[in-house]
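Here is a friendly briefing to read beside the model. Please take a look at the fold first, then at the annotated site.

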Amino acid sequence: MSIPDLAKPVTLGDRARAALHGRNLILVGLMGAGKSAIGRIIAQQMSLPFIDTDAEIERVSRMTIPELFATYGEEEFRALETRVIERLLRGGPRVVSTGGGAFINERTRAAIQAGGTSLWLKADLEVLWERVSKRDNRPLLKTENPKQTLKNLMDLRYPIYEKADITVQSRDVRKEQVAGDVLSAILSAAKEGASS
């Protein structure tokens with residue numbers, strides 16, 4: 001007869017993983033919301049694999065996201081993105097970070113909603129701009145006024161992101177703090193679901 005390991009406390013990550021009931025956690029939101037950075041932290045805390053769909057798309061296509069946009073256009077990129085996400089969500093459980101436009105595509109959104117729990121990392125314009133203006137790898141922001149383009153994307157996409165199962169505010173604090181908010185939100189959503 002083995003003695004249970006009483007020395008290892010149950011963590012917030014353990015409880016959040018259990019609350020997902022074996023389902024994937026899919027992070028959605030605009031570029032700069034922190035989907036990849038926060039996703040890696042919560043995956044580690046929940047002892048789950050982490051997958052960034054943009055990195056997976058680059059791996060399978062052997063092209064960068066900007067190269068794919070330039071060569072094939074946004075429509076072809078979105079079709080590839082949908083196929084990759086559908087394949088990734090067949091496995092699990094895992095934490096999956098999606099590109100900013102993934103949840104906007106109806107077919108991809110249906111795959112996300114069927115394939116796990118969606119979580120929108122919502123951020124204000126100034127927080128997003130502070131993060132994305134430091135990099136030159138955002139094809140949709142290659143415009144005359146990239147900050148206005150970002151604002152336009154927010155206006156267009158936020159009503160669709162609101163369809164996610166859970167929403168967590170991504171703000172200008174330490175990533176670990178937002179990760180803790182995500183884990184707590186998963187637990188809260190599970191409690192609400194159990195009581196309804």
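Starting at the N terminus, the elements of the protein chain follow the order α-β-α-β-α-α-β-α-β-α-α-β-α, giving eight helices and five strands. These are DSSP runs numbered from the N terminus, with helices (H or I) of at least four residues and strands (E) of at least two. This is a predicted model, in which local features need pLDDT of at least 70 and side-chain atom pairs count only at pLDDT 80 or more, while totals for chains, interfaces and linings use all residues. Residues are numbered from 1 along each chain as its sequence is written, and side-chain values use heavy atoms, without hydrogens and water.

**Whole chain**
- Of the 196 residues, 44% are buried (under 20% relative accessible area; exposed is over 50%, partly exposed in between; 1.4 Å probe, protein chains only).
- Among contacts (heavy atoms within 4.5 Å) between residues at least 6 apart in sequence, 74% join residues at least 24 apart.

**Helix H2**
- H2 spans residues 35–45, and its buried residues are Lys 35, Ile 38, Gly 39, Ile 41, Ile 42 and Ala 43.
- Ser 47 follows H2 and has a positive phi, near 55 degrees.

**Annotated site**
- An unreviewed UniProt entry lists "binding site" positions, including Ala 33 and Ser 36; such annotations may be inferred rather than shown by experiment.
- Ala 33 sits in the loop between strand S1 (24–28) and H2 and is buried, at 1% relative accessible area.
- Beyond neighbours within four places in sequence, Ala 33 contacts Leu 121, Leu 128, Arg 131 and Ser 170.
- Ser 36 belongs to helix H2 and is partly exposed, at 23%.
- With neighbours within four places in sequence left aside, Ser 36 contacts Phe 50, Asp 52 and Ser 97.
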